[in-house]
Amino acid sequence: QDAGRAGLLTVSAENPPPATEPAPAGCRLARGAVTVSDPVEPAHRPGLETVLDHLLAGVALADDEDAAAAAAALGFSAVTPAGDVFTPAGVRGGSTAAPSLIELTAAAEEAQRAETGAEHEAQRARFALEQVRGALEQASARADSALADLNASDARMSAIAEELGQLAGLVRAARAEQQRGEQAIATARESLATDTAALAGLQE
């Protein structure tokens with residue numbers, strides 16, 4: 001079974017910690033701020049003191065960030081009151097309060113709810129989009145039908161106009177023929193009157 005990883009510090013009185021320089025300005029050595037409490041058995045205190053010497057060697061508690069940066073430039077690892085760690089290699093910072101399991105679980109559940117809500121919103125948007133597409137297709141079909149009807153109407157109007165033109169031509173031709181007929185009748189009447197008058201003269 002995988003139980004994770006662990007670290008082991010091996011020190012002894014025969015392996016003294018590295019020498020620590022005096023605390024830089026604006027700092028105090030972390031080792032001086034940590035003591036072994038009374039409940040520790042006297043026989044164990046020397047070993048614990050040695051462990052602390054190794055762990056806190058070169059560590060300083062800085063009054064502020066400027067003092068911590070100056071201490072890091074001298075080779076110390078300096079910790080500010082806010083918990084930021086300045087080392088010769090860089091700076092580590094951020095919130096010192098890690099979220100609890102309950103908070104992480106609540107955040108995960110909230111994210112799940114948000115994801116579910118977003119999926120529902122996406123489904124509603126897709127449904128609405130399909131409805132709009134359907135309405136657009138119907139409107140396009142109606143527009144095409146209306147255009148076809150308009151084109152057919154234009155064709156019918158053109159045919160009617162052409163027929164009316166032909167009828168108008170026939171009417172004009174008929175009127176001209178009527179005028180010619182009336183002229184012929186008038187001429188015939190005049191001739192008849194002349195002939196009737198001549199015949200009457202002969203009979204006398």
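A residue counts as buried under 20% relative accessible area, as exposed over 50% and as partly exposed in between, with a 1.4 Å probe and protein chains only. At 52% relative accessibility, methionine 157 is therefore exposed. This residue, methionine 157, lies in helix α3 (residues 101–203).

The model is predicted: local features need pLDDT of at least 70, side-chain atom pairs count only at pLDDT 80 or more, and totals for chains, interfaces and linings use all residues. Residues are numbered from 1 along each chain as its sequence is written, and side-chain values use heavy atoms, without hydrogens and water.

Met157, Ile160, Leu164, Leu167 and Leu170 make a nonpolar surface patch of about 510 Å². Patch residues have over 30% relative accessible area and no salt bridge; nonpolar side chains (Val, Leu, Ile, Met, Phe, Trp, Tyr) are joined within 5 Å, like charges within 9 Å. A salt bridge is a side-chain nitrogen of Lys or Arg within 4 Å of a carboxyl oxygen of Asp or Glu.

A patch of negative charge on the surface gathers Asp63, Asp64, Glu65 and Asp66. Aspartate 63 sits in the loop between β2 (59–62) and α2 (65–73), and is exposed at 56% relative accessible area. Helices (H or I, at least four residues) and strands (E, at least two) are DSSP runs, numbered from the N terminus.

Strand β2 has these pairings, where a pair needs at least two DSSP bridges.

| Strands | Bridges | Direction | Opposite residues |
|---|---|---|---|
| β1 (residues 27–29) and β2 | three bridges | antiparallel | arginine 28 and leucine 61 |

Notes: Areas by Shrake-Rupley, 256 points an atom, 1.4 Å probe, with all protein chains shown as cover. Lys, Arg positive; Asp, Glu negative; His and termini not counted. Charge placed at Lys NZ, Arg CZ, Asp CG, Glu CD.
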